[in-house]
Amino acid sequence: MGRIDLPYLHAYRDRHGRMRHYYRRDGRRHPIKGEPGSAEFLAEYQRLHEAAEVKPTPKPGADTFGALVETYYVSPEFSHNLRTSTKAEYRRHIEPMRERWRNVPLIGITKKVVRSYRDSLAAQPVKANSALRVLKTLLAFAVDTELLAANPASKIKPLKVDSDGWLPWPEAALEKFSNKSRGAARIAFFLALETGQRRADVLSMRWDALTSDGGIMVKQAKTGAELWLPISPVLRVELERTRKEQAARVVERTKRKLQAATPLTIVARENGQPYTEDGFGTIWNREQHRVECPRLPFHGLRKNATIRLVENGHNPQQVAAITGHKTLEMIAHYGRRADQKRLAKATAQATDGRNGSDQ
């Protein structure tokens, strides 16, 4: 076979007179097995060549934005204090920043730079504001660890968003999901709608937290608040349904010699174990598509619950006692909307009455 002409490929004859080939680059030699020119030989050469072509990313300087990110990721503030879902959210915002500013000195991340980054995302104001919030947290960490004297993002305001953020579900969708849903997604839906809690708190609700006076104890992950929440008649029916389904599933899986455990959490996998947020997200999205209610946010159910409480005549303090809202501003906003709705209905009824009397 003739000489093979490939970059960095070298050959020599060993003491037995046999030709040996190797890939030599950056002072290192890597033997290549196989018959020269064969598929095995060329595949091994290609693997070595592609690996050598990839240049390692240079380590950022000690006082750069890239170094700050690496320090933050291994800090207790990130690795210990944040939930898994929050870490994932932070990374989604931090990684594009790191790509952009990896080797930029921290003192170069000025107020002007931060505002320019926020404005570059203005077409998606919710995303822009989330990114700004995460960047404020990251730079506050730099101040706490004495890498920066002041936080350049601290006084930059979020962009105005022409909505209330998460939208509540339409009544038609609530009815459809109530009638057609099943399994873990169904009980999670009713827990959120009837208690007004966030998804992480719904997933952490336990059977042994049900109280003898008709409620359930919940510790909110976001606020740390411990709440006693009343169990509505509708939710009580769904809890009993879920308890029976879970008990039957344990018996069935035990007969089939599958992993089975009596669930501790109300929302549980078929084997009785709790859901991770990512795992629940998968079955939640699947169930939404099955019952034809796709892309409606789980957090929207918290808004539905809040609106229902307001429309039933509860004042902001009473609503916050159940939902755990830290501020009453948003609840008061719902109250004004409920008052407008009641006044509009009363006006319509009065108008209909007058029209009827004229006939």
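Mentor: Helices H8 (residues 183-195) and H11 (residues 277-290) have axes that cross at roughly 90° and come within 9 Å, so the two helices are roughly perpendicular to each other (angles of 65 to 115 degrees count as roughly perpendicular, under 35 as roughly parallel, over 145 as roughly antiparallel, and the rest as oblique). H8 contributes Ala184, Ala185, Ala188 and Phe189 to the contact, and H11 contributes Phe280, Ile283, Trp284 and Glu287 (contact means heavy atoms within 4.5 Å). By class, the contact of H8 with H11 has 7 nonpolar residues, no polar residues and 1 charged residue (Ala, Val, Leu, Ile, Met, Phe, Trp, Tyr, Cys and Pro count as nonpolar, Asp, Glu, Lys and Arg as charged, and the others, Gly among them, as polar). The axes are lines fitted to C-alpha atoms, for helices over the stretch in contact, and angles run from 0 to 180 degrees between N-to-C directions. Helices (H or I, at least four residues) and strands (E, at least two) are DSSP runs numbered from the N terminus.

The model is predicted, with local features needing pLDDT of at least 70 and side-chain atom pairs counting only at pLDDT 80 or more, whereas totals for chains, interfaces and linings use all residues. Residues are numbered from 1 along each chain as its sequence is written, and side-chain values use heavy atoms, with hydrogens and water left out.

From H2, the residues in contact are Phe65, Gly66, Val69, Glu70, Tyr72 and Tyr73, and they meet Tyr90, Arg91, Ile94, Glu95, Met97, Arg98 and Trp101 of H4. Sorted by class, the contact of H2 with H4 has 8 nonpolar, 1 polar and 4 charged residues.

H2 is mostly covered, with 7 of its 9 residues buried (buried means under 20% relative accessible area, exposed over 50%, and partly exposed in between, with a 1.4 Å probe and protein chains only). The buried residues of H2 are Phe65, Gly66, Ala67, Leu68, Val69, Tyr72 and Tyr73. They pack against H3 (76-79), H4 and H6 (125-144).

Within H4 lies Pro96. Pro96 counts as partly exposed because its relative accessible area is 40%. Not counting residues up to four places away in sequence, Pro96 touches Arg91 and Tyr117. The C-alpha atoms of Pro96 and Ala131 are 9.8 Å apart, although 35 residues separate the two in sequence.

Another part of the model is an open sheet of 3 strands in the order E1-E2-E3, with antiparallel pairing (two strands pair if DSSP finds at least two bridges between them). Its edge strands are E1 and E3 (28-31), each of which pairs on one side only. Direction ignored, neighbouring strands of this sheet are turned by 35° against each other on average. Strands E1 (residues 9-13) and E2 pair over 5 bridges in the antiparallel sense, and Arg13 stands opposite Met19 in E2. The hairpin of E1 and E2 has 5 residues between the strands, and Gly17 takes a positive phi near 85° there. Helix H1 (residues 39-53) lies across E1, E2 and E3 and runs at about 15° to E2.

His21 lies in E2 (residues 19-25). With 15% relative accessibility, His21 is buried. Leaving aside neighbours within four places in sequence, His21 is in contact with Leu9, His10, Ala11, Pro31, Ile32, Pro36 and Phe41.

Two loop residues remain. Most residues other than glycine have a negative phi. Glu146, in the loop between H6 and H7 (171-180), has a positive phi near 65°. At 72% relative accessibility, Glu146 is exposed. Arg295 has a positive phi near 65° and sits in the loop between H11 and H12 (300-311). Arg295 is also exposed, with a relative accessible area of 73%.
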